[in-house]
Amino acid sequence: MSAPNVQLLLTGNELMTGDIVDSNSAMMAQILKELGLKVNRKVTVADDLALLVSEITYMASTSDLLIINGGLGPTVDDLTAQALALALGVELSQHPQALSHLTHWCLQRGTELNAPNLKQAILPKGCQIIANSRGSAVGFYVRYKDCDIYCTPGVPHELKAMLIEQIVPLIAKKIPSDLITEVTRLQVFGLGESSLQKAIDEQLPNWPTEIELGFRAGMPLLEIKLTTNTKQGLALKSLWQKKLVKVLGDHLIAEVQGKPKSLAEHLLNQLQQHNIKVTTAESCTGGLIASTLTEISGSSSSFEAGFVTYSNEMKTAMLDVPASVLAQEGAVSEAVVIAMAQGALLKSKADIAIAVSGIAGPNGGSKDKPVGTVWFAWGRLGDIKTQCLQLPYKRRQFQQFVAAIGLDLLRRYQQNLTTIPNYIAERAFPPQ
C-alpha cells in the first residue's frame, strides 16, 4: 500500500510580501518525514477568501492529507475557518469546546474575552477540535472528499506543539501497517556533500533504493540521514549503515540519538570521560572557540581558562610569546602558535591546548601570507602538533570554520587519529 499524498497550504499576506520567512512548512515536512510521509505539494496564498476556497477545494480533491497553516487568529484577515466552511458547503457556528478553551485562556491571563477573541470559536459546523496548549486559537479537523484536513495556527511554537501532541498521533493511526519508518542520523565533519556523494558512488555503487540517503549541510557539521519506510529497508539498514560508516572513516563524529550535539559537546564529553582539561589561545577567532565550549552547561569541569591575545604585545604579556619570535616570524606563523599553545598550557595548567593565529581579512594579507591564512597548534606540552591552512571564506565564515577545525583537531588528538583532513577541499557549510 502506498504512502498518503500529503499537501500543505500556507496562508498569510506577510508570507507573500516576505515580511515573514516561511519556516513552518520546513518544520512540518521534517516532522511528517519522521512518520515516513513526504510532502508532495506546497502552496502559499495571500489572505484572500476566494483564493483560499479555490485552493482548499482543489487540494482536498488531489490529496489524502492536507494541513492548512495560518489564518486562525482574531483579526479580519484570519480567513481559514470561513474559507473552509465555504469549501465544505457548511455553516459557521460557535463551537462549545473552542469557546471553553478561549474562556479558560483569557481567565488565566486576566484578559477580557472580547468580540475579536470570540471569532476564534466560530468554526465550520461539524469540525473536531485540535487542542492548542500554547495559544488562544484552537486547531480543527474535518474529513472532506476522502481527505483529512487539519487546520493549524501560524505561530511556530504553537504549530510545533500541536503537531507533536495532537496531529501526529492522529495521522500515525492511519498510516498503512506495511510502512515502517526509521531514521538514523550521522554527524560528519571535514567532508562536503559532493565529496561524500562521490565517495558513496564509487565505494557503494549498489546502494539499495529501500534506504533513502539525505544530506543536510550545516555549520559546522554535515548531517547524513538514512531513512527506511518499509520492512525490507529496515532489514537492510544495519548492513548498509556499517558500510557507510566505513566510507566516512574518522570524519564520522557520532550517530545522533535524540537532539543533535554540537562539535563542542562531543569534544567535552570525551574530555570529561577522561578527566582532561583544555585551554585555548586565540587571536583571529577572538575567543570564539572558548565561547563555543562555555555555552555548554557543565563545561567548567573541563575548561577553566582561555586566552584572547589579539595584539603582539598581549601575546607576549599574557602567553610569554617571545617578542623576538614575533618580530622575526610574524604573528601568523608556526613558531608563534606553538609558543601560544605552550604559554596557555603553562598559565592555565590544563592538559591540552588549541592555539590559532590567522588573517581573517578582508585586509591584512600579503604575498607570503594571503588573507585566509591560519596556523593551528594543538596538543600537550612536549607534544604540540601544527597545521597551516588557507581558508577562502569571508571574515565571519573564516572565524567560524577556524573555531570548528580547532575543536575537530582536539577531538582527533583525543582519539589518537593521526590523519588530518583536507578541510578546504570544498565548503563544509552553506555560504552566508
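Q: What is the handedness of the crossing of helix 10 and helix 15?
A: Let's start with the geometry of this pair, bearing in mind that the model is predicted. Helix 10 covers residues 263-273 and helix 15 covers residues 395-414, and their axes lie 10 Å apart. The crossing of the two helices is left-handed.

Q: Are helix 10 and helix 15 roughly parallel or oblique to each other?
A: The two helices pack at an angle of about 30°. Angles under 35 degrees count as roughly parallel. Helix 10 and helix 15 are therefore roughly parallel.

Q: How many nonpolar residues does the contact of helix 10 with helix 15 have?
A: From helix 10, Leu263, Ala264, Leu267, Gln270 and Leu271 take part, and they meet Ala404, Leu407, Asp408, Leu410, Arg411 and Gln414 of helix 15. By class, this contact of helix 10 with helix 15 has two polar residues and two charged ones, and its nonpolar residues number seven.

Q: Are helix 3 and helix 4 roughly parallel or oblique to each other?
A: Here is another helix pair, formed by residues 49-62 and residues 80-88, with axes that come within 9 Å and cross at roughly 50°. Helix 3 passes helix 4 in a right-handed crossing. With angles under 35 degrees counted as roughly parallel and 65 to 115 as roughly perpendicular, helix 3 and helix 4 are therefore oblique.

Q: How many charged residues are in the contact of helix 3 with helix 4?
A: Helix 3 brings Leu49, Leu52, Val53, Ile56 and Thr57 to meet Gln82, Ala83, Leu84, Leu86 and Ala87 of helix 4. The residues of this contact of helix 3 with helix 4 divide into eight nonpolar and two polar, and as for charged residues, there are none.

Q: Which residues lie nearest the centre of the largest pocket?
A: The largest pocket has a volume of about 480 Å³. Strand 1 (6-11), helix 1 (13-17) and helix 7 (156-172) each supply at least two residues of its lining. By class, the lining has 10 nonpolar, 12 polar and six charged residues. Of the 28 residues that line the largest pocket, those nearest its centre are Thr11, Gly70, Gly71, Gly154 and Val155.

Q: Which element gives the most to the lining of the second largest pocket?
A: This second largest pocket has a volume of about 320 Å³. Its lining counts 14 residues, and Gly36, Leu37, Lys38, Val39 and Glu212 are the closest to its centre. Two or more lining residues come from each of helix 2 (24-33), strand 2 (39-45) and strand 11 (222-230). The element that gives the most, with three residues, is helix 2.

Q: How far apart in space are histidine 101 and glutamate 265?
A: Histidine 101 sits in helix 5 (residues 96-109). Leaving aside neighbours within four places in sequence, histidine 101 is in contact with Asn132, Gly135, Ser136 and Val138. Histidine 101 and glutamate 265 are 164 residues apart in sequence, and their C-alpha to C-alpha separation in space is 41 Å.

Q: Is the peptide bond from glycine 361 to proline 362 cis or trans?
A: Proline 362 is found in the loop between strand 15 (352-358) and strand 16 (373-380). The peptide bond that joins glycine 361 to proline 362 has omega near 5°, and it is cis.

Q: What is the phi of aspartate 320?
A: Look for aspartate 320 in the loop between helix 12 (312-319) and helix 13 (323-329). Although aspartate 320 is not a glycine, its phi is positive, at about 60°.

Technical notes
Residues are numbered from 1 along each chain as its sequence is written. This is a predicted model: local features need pLDDT of at least 70, side-chain atom pairs count only at pLDDT 80 or more; totals for chains, interfaces and linings use all residues. Side-chain values use heavy atoms; hydrogens and water are left out. On a 1 Å grid over the protein atoms alone, a cavity is a set of points where a 1.4 Å probe fits but cannot get out, and a pocket is an open set with protein on both sides within 12 Å along at least five of seven lines; lining residues have an atom within 4 Å of a point. Grid points are joined across faces, edges and corners, and a volume is the space filled by probe spheres set on the points. Helices (H or I, at least four residues) and strands (E, at least two) are DSSP runs, numbered from the N terminus. Ala, Val, Leu, Ile, Met, Phe, Trp, Tyr, Cys and Pro count as nonpolar, Asp, Glu, Lys and Arg as charged, and the others, Gly among them, as polar. Axes are lines fitted to C-alpha atoms, for helices over the stretch in contact, and angles run from 0 to 180 degrees between N-to-C directions. Angles under 35 degrees count as roughly parallel, over 145 as roughly antiparallel, 65 to 115 as roughly perpendicular and the rest as oblique. A crossing is left-handed if the near helix is turned anticlockwise from the far one by less than a right angle, and right-handed if clockwise. Contact means heavy atoms within 4.5 Å.
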